[in-house]
Amino acid sequence: MDNRDEVREFLTSRRAKISPERAGLPAGSRRRVPGLRRSEVAALADMSVEYYAKLERGNLAGVSPAVLEAVARVLQLDDAERAHLLNLAQAADGTDALTRPRRRRAKEGWKVHRSLQWTLDAITAGPAFVRNGRMDVLATNRLARAFYRDLYAAPGNQANLARFQFLDPASRRFYPDWDRFADVAVAILRTEAGRNPYDKDLHDLVGELSTRSEEFRTRWGAHDVRHHGTGTKRFHHEIVGEVTLAFEGLELAAEPGLTLTIYAAEPGSTSEEGLRLLASWAATQETSPPVRPMTN
């Protein structure tokens with residue numbers, strides 16, 4: 001797997017984010033580019049300029065963990081960025097495909113096993129669903145199906161949260177903080193691309209979104225990654241209005257590459273009441289929601 005372009009762009013973009021002041025260096029003058037110079041990164045990481053330049057050209061094959069840690073320290077990478085750099089190095093070595101558990105194939109080739117569906121169905125107070133790293137929604141409880149009604153309403157979304165985010169106008173209403181959700185979606189896909197560089201379906205999805213959405217294309221070029229395990233989000237549902245929900249994302253040990261996400265409302269809040277109303281509404285509906293056409 002030749003991922004030199006990915007490595008080069010990631011390291012260059014991280015270097016541009018670190019000002020001399022943040023690195024403990026004098027600002028100086030006559031800086032033609034933002035951030036640190038290659039020579040400054042090399043000096044702070046205790047390596048030659050030539051060697052660091054080789055890394056930044058994308059040559060991570062055979063690089064030791066100590067060198068990667070030095071680069072991560074100087075570039076002040078967070079946990080998600082450090083993991084991404086390690087994944088890029090493993091892919092460059094060719095060890096990724098040999099040592100990792102095989103990740104999920106196309107969603108059409110995966111079926112939810114009974115115990116997992118039973119677990120989802122047992123969660124009745126909040127939406128719960130299983131997704132892969134490409135943001136395909138693979139399994140849900142009934143409340144999640146009602147909660148993501150817009151996701152399923154347009155066939156073009158293909159039950160994919162990234163397609164919904166960037167290609168379906170309904171996402172602008174559903175996500176009041178649309179830009180924040182867009183940043184998260186792209187960071188999740190970029191993280192997955194580093195972990196699983198051999199995923200053709202992911203490459204195809206990124207190509208489709210890059211072609212059809214300037215909002216996606218700009219964010220993809222930023223090379224931002226993140227861990228997305230817990231937090232709070234606002235939504236505006238067409239049935240119950242605005243709700244604010246906490247979420248937890250749990251990696252499934254028995255299904256490498258899949259995440260179980262559970263949303264919950266603060267007890268006694270209007271959001272909790274909204275979820276109760278949505279659950280009552282969902283209980284009266286047919287299994288398949290109405291389908292609407294999707295416009296670009």
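How many helices and strands make up the secondary structure of the protein chain? The secondary structure comes to 15 helices and five strands, in a model that is predicted. The C-alpha atoms of the protein chain fill a box of roughly 70 × 40 × 35 Å when the box is taken along the principal axes. The points below go from the whole chain to a few of its residues.

**The chain as a whole**

- The protein chain has 296 residues, and buried residues make up 47% of them.

**A hairpin of two strands**

- Strand 3 (residues 230–237) and strand 4 (residues 241–251) run antiparallel and are joined by eight bridges.
- These two strands, strand 3 and strand 4, form a hairpin, with three residues between them.
- Within this pairing, Gly231 stands opposite Phe247, a residue in strand 4.

**Leu11 in helix 1**

- Leu11 is found in helix 1, which covers residues 4–17, and Leu11 counts as buried because its relative accessibility is 1%, which is under 20%.
- Once its neighbours within four places in sequence are left aside, Leu11 is in contact with Tyr52, Leu55, Glu56, Val71, Leu75 and Leu85.
- Leu11 and Glu40 are 29 residues apart in sequence, while their C-alpha atoms are 14 Å apart in space.

**The loop between strand 1 and strand 2**

- Arg134 lies in the loop between strand 1 (128–132) and strand 2 (137–140), and Met135 is also found in the loop between strand 1 and strand 2.
- Why does Arg134 count as buried? Arg134 counts as buried because its relative accessibility is 4%, and the cut-off for a buried residue is under 20% relative accessible area.
- The side chain of Arg134 makes a polar contact with the side chain of Asp199, at 2.4 Å.
- Met135 is buried, with a relative accessible area of 7%, and the phi of Met135 is near 70°, a positive value in a residue other than glycine.

**Ser213 between helix 13 and helix 14**

- The place of Ser213 is in the loop between helix 13 (200–212) and helix 14 (214–220).
- Is Ser213 buried or exposed? Ser213 is buried, since its relative accessible area is 5%, and a value under 20% counts as buried.
- The side chain of Ser213 reaches the backbone nitrogen of Phe216 at 3.0 Å.
- Leaving aside its neighbours within four places in sequence, Ser213 is in contact with Phe166 and Leu167.

**His223 between helix 14 and strand 3**

- His223 has its place in the loop between helix 14 and strand 3, and His223 is buried, with a relative accessible area of 2%.
- The phi of His223 is positive, at about 60°, although His223 is not a glycine.

Terms used:
Residues are numbered from 1 along each chain as its sequence is written. This is a predicted model: local features need pLDDT of at least 70, side-chain atom pairs count only at pLDDT 80 or more; totals for chains, interfaces and linings use all residues. Side-chain values use heavy atoms; hydrogens and water are left out. Helices (H or I, at least four residues) and strands (E, at least two) are DSSP runs, numbered from the N terminus. Buried means under 20% relative accessible area, exposed over 50%, partly exposed in between (1.4 Å probe, protein chains only). A polar contact is a pair of N or O atoms within 3.5 Å; within protein, one must be able to donate a hydrogen and the other to accept it, and residues adjacent in sequence count only if both atoms are side-chain atoms. Contact means heavy atoms within 4.5 Å. Two strands pair if DSSP finds at least two bridges between them.
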